[in-house]
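I opened this entry to keep track of what I looked up in the structure. The sequence and the model come before my notes.

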Amino acid sequence: MELMDLARREAVGAKFSADAMKRAQALTWDATEKIAAIIKPGMRESEAIAASKALLGTLGMDRIWHPVLVRFGENTLRTFSERSDNDPVLGDDDIYFIDIGVVFGAHEGDCGFTRTTGSDPEMQRCADDAKRLFDIVQDHWRQEKVTGQALYDFAKTQAQALGWVLNLDIKGHRVSDFPHAIYKGGKLGDLTDTPSGGLWILEIQIAHPTRPFGAFYEDLLV
């Protein structure tokens, strides 16, 4: 990738602020924790999404910039662009993830994490390892200054070492002052140059090798 192309992919608006990005991300994380607190066994996925949207409307956001996702059970294997299968009820011994993209102060926050409702050890390890893998991959980027493509190659290898299958259909994306889409940044995992900090969301989605569930974690690469 030529330098000029990378600069275009990492373009920001005149009012962009790194501090405002950090604030938006912190507020988005706080919102996601608040959503997790209201998700309980017995809820349908559609009910959890509706409750999440209602809660977000009370938190002083500018707007939602991507659809609110809450995935239960087998739907944790589905990517952002895939529709959920049916409308499952969250069980007492289950797994789910939340993914929200919200604008605060004209800047985009985007985060997601996985939680469990019971004591299934493999579900809990899967949820924990999605975050663990994120941290491993982010540290590799910080230390080695690798390209986006190399970063996801590394993530795949590390996921396998932990006993999971990395979903390479999920490759991260740009964020910035709203709307980032005008800059046509593309996917983090397709970058042939080293991504800058504070502008890209690193997405990690893993699947259990034999059982029908997975886990998701994403945060700002900083």
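**Helix 4 and helix 5**

I looked up how helix 4 and helix 5 meet, and found that helix 4 passes helix 5 in a right-handed crossing. A crossing counts as right-handed if the near helix is turned clockwise from the far one by less than a right angle, and as left-handed if anticlockwise. Helices (H or I, at least four residues) and strands (E, at least two) are DSSP runs, numbered from the N terminus.

I noted that this is a predicted model, in which local features need pLDDT of at least 70, side-chain atom pairs count only at pLDDT 80 or more, and totals for chains, interfaces and linings use all residues. Residues are numbered from 1 along each chain as its sequence is written, and side-chain values use heavy atoms, with hydrogens and water left out.

Axes are lines fitted to C-alpha atoms, for helices over the stretch in contact, and angles run from 0 to 180 degrees between N-to-C directions. Angles under 35 degrees count as roughly parallel, over 145 as roughly antiparallel, 65 to 115 as roughly perpendicular and the rest as oblique.

I then listed the contact (heavy atoms within 4.5 Å). Helix 4 brings R125, D129, R132, L133, I136, V137, H140 and W141, and helix 5 brings L151, F154, A155, Q158, A159 and L162. By class these residues are 9 nonpolar, 2 polar and 3 charged. Ala, Val, Leu, Ile, Met, Phe, Trp, Tyr, Cys and Pro count as nonpolar, Asp, Glu, Lys and Arg as charged, and the others, Gly among them, as polar.

**Helix 2 and helix 3**

The axes of helix 2 (residues 18–38) and helix 3 (residues 45–56) come within 10 Å and cross at roughly 135 degrees. This pair is therefore oblique, and helix 2 passes helix 3 in a right-handed crossing. A31, K34, I35 and I38 of helix 2 touch A51, S52, L55 and L56 of helix 3. I count the classes as 6 nonpolar, 1 polar and 1 charged.

I found 1 cavity of 30 Å³ or more. About 50 Å³ of space lies in the largest cavity. Its lining consists of L69, R78, T79, F80, F97, D99, I170, E203, Q205 and F216. Strand 2 (95–104) and strand 6 (200–207) each supply at least two of the lining residues.

The largest pocket holds about 310 Å³ of space. Of the 15 residues that line the largest pocket, F80, S81, I170, H173 and E203 are the closest to its centre.

On a 1 Å grid over the protein atoms alone, a cavity is a set of points where a 1.4 Å probe fits but cannot get out; a pocket is an open set with protein on both sides within 12 Å along at least five of seven lines; lining residues have an atom within 4 Å of a point. Grid points are joined across faces, edges and corners, and a volume is the space filled by probe spheres set on the points.

**Backbone**

I saw a cis peptide bond between F178 and P179, with omega about 0 degrees.
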